[in-house]
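Work through the exercises below with the sequence and the structure at hand. Try each task before reading its solution.

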Number of protein chains: 2
Amino acid sequence: MTASSNKPLPPNSTIGIIGGGQLGRMLASAAARLGFKSIVLEPGHEPPAAQVCNRHIEAAYDDPAALDELVAACDVVTYEFENVPMAAARIVEDAKPLYPPAGALEVSQDRLMEKRSLREAGIAVADFIAVDEFDGLKSALLEFGGGVLKTRRFGYDGKGQKVFQSADLPDDFDLGGLGQGPFILERLIDFDSEFSVIAARAVDGTIAAYEPSMNVHEDGILRTSTVPSGLALGVVEEARSVSAQLLEALDYVGVVGVEFFCTGEEILVNEFAPRVHNSGHWTREACVTGQFEQHIRAITGHKLGSVARHSDCEMINLIGSQADDVARYLDDPHALLTLYGKAESRAGRKMGHVTRLR
Amino acid sequence: MTASSNKPLPPNSTIGIIGGGQLGRMLASAAARLGFKSIVLEPGHEPPAAQVCNRHIEAAYDDPAALDELVAACDVVTYEFENVPMAAARIVEDAKPLYPPAGALEVSQDRLMEKRSLREAGIAVADFIAVDEFDGLKSALLEFGGGVLKTRRFGYDGKGQKVFQSADLPDDFDLGGLGQGPFILERLIDFDSEFSVIAARAVDGTIAAYEPSMNVHEDGILRTSTVPSGLALGVVEEARSVSAQLLEALDYVGVVGVEFFCTGEEILVNEFAPRVHNSGHWTREACVTGQFEQHIRAITGHKLGSVARHSDCEMINLIGSQADDVARYLDDPHALLTLYGKAESRAGRKMGHVTRLR
């Protein structure tokens with residue numbers, strides 16, 4: 001169901017959030033600040049978002065009774081991760097406005113659909129070939145002289161990927177070892193840098209794109225995002241314009257995170273996430289309107305806020321034990337610390353982030 | 001009980017907040033962001049702070065069982081309003097660190113003690129005379145040729161005050177009509193402007209004072225706070241230094257709001273509030289570290305954040321029905337809206353605020 005009128009939601013309206021991790025937590029806090037209530041659906045016990053929202057429905061994402069409870073209590077529903085079961089999204093969508101729309105969610109869940117949609121929208125992506133089995137992989141590798149093999153679904157933080165530097169494929173390679181198929185092989189991109197654009201589209205179609213941040217990944221996990229990015233002005237403008245193109249093509253409402261490769265000559269979209277994005281956390285500290293408030297403004301039918309930036313900054317993810325000694329971050333008067341309220345730090349787990357203003 | 005060591009509190013420690021209004025709400029949100037949990041003690045049902053904290057103890061501020069429950073569950077306790085019953089403050093203080101300290105709280109609850117303490121600390125205040133009864137008022141008015149009569153306790157937002165432009169006192173004047181005595185008469189100050197300084201002191205004694213904001217009151221209620229204040233640099237520096245003097249004198253920990261009169265020739269302290277302050281809301285939008293985070297940093301034993309300001313701004317309180325149509329604020333991309341989650345707007349009730357960045 002899309003909004004039947006253009007009327008923005010009044011204060012004390014209720015926002016449903018599917019997923020209770022750190023992104024849900026920061027969305028719930030932004031909602032509260034704007035005077036909205038929030039209800040989080042998440043199977044985990046005392047997840048990060050439940051600590052700052054009005055109510056936590058502790059149930060599976062596809063539990064029909066829980067979904068009924070959620071839509072009955074909410075005026076609009078959103079989500080904090082792209083692997084919301086499509087069946088759940090459809091149940092919600094039939095009852096209440098769901099933003100970003102289910103169509104965008106569906107496209108983002110399948111790398112093949114995603115790449116095809118981007119191409120159809122006139123957006124440059126790395127060459128790709130759908131791979132269903134061993135023989136298909138073999139011929140695809142020959143065509144690209146190597147490539148990155150990825151599961152079409154459920155990959156994140158570098159999981160479900162394997163790089164082939166050449167077309168050589170051992171006869172005993174186990175495609176199933178990478179995860180559940182089907183797969184996609186993407187041509188290896190010799191990129192200079194990775195950056196991303198956080199952009200938003202309002203119900204009225206207005207678009208606002210933050211300037212790109214330069215991103216550094218290690219072991220497939222985002223470590224830092226820096227602004228200004230150091231990208232040439234032409235690249236910055238092209239990336240913003242490509243992001244707007246994507247939002248239009250998807251008839252999108254809410255915040256999107258678009259990841260790019262910059263090869264020096266051109267920019268290619270790697271993927272997009274239909275949600276607030278880790279590489280956009282700096283916007284809350286360095287811009288007039290942060291991405292979390294921007295998303296809440298968009299999905300409640302309000303106008304977008306200014307994406308103007310007032311400070312240079314670097315956002316550093318705190319992974320695992322990096323968040324154990326917080327005093328070292330708080331000792332820096334220009335470092336803004338955000339912790340996610342997770343009970344224990346585990347290797348590879350995102351525990352918080354620091355934004356150093358410069 | 002003061003902190004037995006200088007060790008700052010680790011993540012997931014719990015902060016008790018006495019009072020569940022908008023200040024408690026913004027404190028709880030700031031605590032969550034830094035990875036702390038919060039428990040709010042407040043007799044009201046579903047008050048603003050309860051919507052964003054980990055737990056709400058619904059009980060009177062002086063309920064001994066509730067206070068026991070609070071201190072047992074918390075690592076440090078603070079408060080959002082200055083009329084916390086002293087008996088409650090003492091119970092808390094005997095069990096856990098209470099910041100700001102009970103001594104500062106006690107002084108702030110009595111205008112006579114407050115004025116005397118300020119004077120003892122070498123801080124200029126308006127002349128004052130303690131008034132206990134009608135005859136005392138008569139002679140005090142004669143001495144000052146008029147004055148502002150105030151209840152010593154429980155005055156706020158201009159309540160419990162009466163201005164006398166001359167020493168004329170009608171024989172049928174009812175002192176009791178102003179509120180509960182005893183009283184204080186203050187000499188009328190012919191001030192040019194009212195401004196305030198938000199300052200903080202850490203457990204290690206470090207002090208940071210934000211620059212002053214120029215404040216406009218109507219009907220005794222703060223309407224706007226503006227920075228830069230337009231005050232002369234010498235006045236700005238003196239006001240910061242006076243605020244630091246006050247924090248030292250009170251052996252303070254946490255954020256304080258100090259209200260000043262500027263007469264053109266000199267600055268006088270009107271009063272201070274031992275808590276985060278309405279006239280400091282702009283710090284969250286326009287400074288590196290906002291007053292709420294600053295208070296949480298201070299009371300958890302961490303270092304203070306930077307009070308540097310990145311934007312000019314004006315904070316406008318939304319009183320009563322001014323908050324009914326929020327779209328008009330959200331339509332301005334440079335206006336940052338904060339609503340307090342109050343169920344209904346009533347005349348004179350603070351519903352939210354807008355900070356317009358310029």
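This is a predicted model: local features need pLDDT of at least 70, side-chain atom pairs count only at pLDDT 80 or more; totals for chains, interfaces and linings use all residues.

**Exercise 1. The interface**

Task: Find how many residues of chain B are in contact with chain A, and what area is buried between the two chains.

Solution: 
- Step 1. On the side of chain B, 43 residues are in contact with 43 residues of chain A.
- Step 2. Between chain B and chain A, about 3400 Å² of area is buried.
- Step 3. Carbon and sulfur atoms give 52% of that buried area.

**Exercise 2. Polar contacts and the make-up of one side**

Task: Count the residue pairs in polar contact between chain B and chain A, then list the elements of chain B that give two or more residues to the side touching chain A.

Solution: 
- Step 1. There are 23 residue pairs in polar contact between the chains, counting pairs with both residues at pLDDT 80 or more.
- Step 2. On chain B, the elements giving two or more residues to this side are α1 (22-33), α8 (282-286), α9 (291-299), α10 (327-330) and β16 (335-339).
- Step 3. β16(B) supplies the largest share, with five residues.
- Step 4. Sorted by type, the residues of chain B on this side are 19 nonpolar, 13 polar and eleven charged.

**Exercise 3. A salt bridge between chains**

Task: State how many salt bridges the structure holds over all chains, and explain why the pair R33(A) and E285(B) joins two chains.

Solution: 
- Step 1. Over all chains, the structure holds 42 salt bridges.
- Step 2. The side chains of R33(A) and E285(B) form a salt bridge, at 2.4 Å from N to O.
- Step 3. R33(A) belongs to helix α1 of chain A and E285(B) to helix α8 of chain B, so this pair joins two chains.
- Step 4. The count of salt bridges between chain B and chain A is two.

**Exercise 4. The cavity**

Task: Give the volume of the largest cavity and describe its lining.

Solution: 
- Step 1. Rolling a probe the size of a water molecule over the atoms shows where empty space is left.
- Step 2. The count is one cavity of 30 Å³ or more.
- Step 3. The largest cavity holds about 790 Å³ of space.
- Step 4. Its lining has 39 residues, and those nearest the centre are R33(A), R284(A), R33(B), R284(B) and E285(B).
- Step 5. At least two lining residues each come from α1 (22-33), α8 (282-286), α9 (291-299) and β16 (335-339) of chain A, and from α1, α8, α9 and β16 of chain B.
- Step 6. By type, the lining divides into 19 nonpolar, ten polar and ten charged residues.

**Exercise 5. Backbone exceptions**

Solution: 
- Step 1. Most residues other than glycine have a negative phi, and most peptide bonds are trans.

Terms used. Residues are numbered from 1 along each chain as its sequence is written. Chains are lettered from A and ligands numbered from 1 in the order in which they are written. Side-chain values use heavy atoms; hydrogens and water are left out. Contact means heavy atoms within 4.5 Å. Buried area is the accessible area (1.4 Å probe) that two parts lose on being put together, summed over both. A salt bridge is a side-chain nitrogen of Lys or Arg within 4 Å of a carboxyl oxygen of Asp or Glu. A polar contact is a pair of N or O atoms within 3.5 Å; within protein, one must be able to donate a hydrogen and the other to accept it, and residues adjacent in sequence count only if both atoms are side-chain atoms. Helices (H or I, at least four residues) and strands (E, at least two) are DSSP runs, numbered from the N terminus. Ala, Val, Leu, Ile, Met, Phe, Trp, Tyr, Cys and Pro count as nonpolar, Asp, Glu, Lys and Arg as charged, and the others, Gly among them, as polar. On a 1 Å grid over the protein atoms alone, a cavity is a set of points where a 1.4 Å probe fits but cannot get out, and a pocket is an open set with protein on both sides within 12 Å along at least five of seven lines; lining residues have an atom within 4 Å of a point. Grid points are joined across faces, edges and corners, and a volume is the space filled by probe spheres set on the points.
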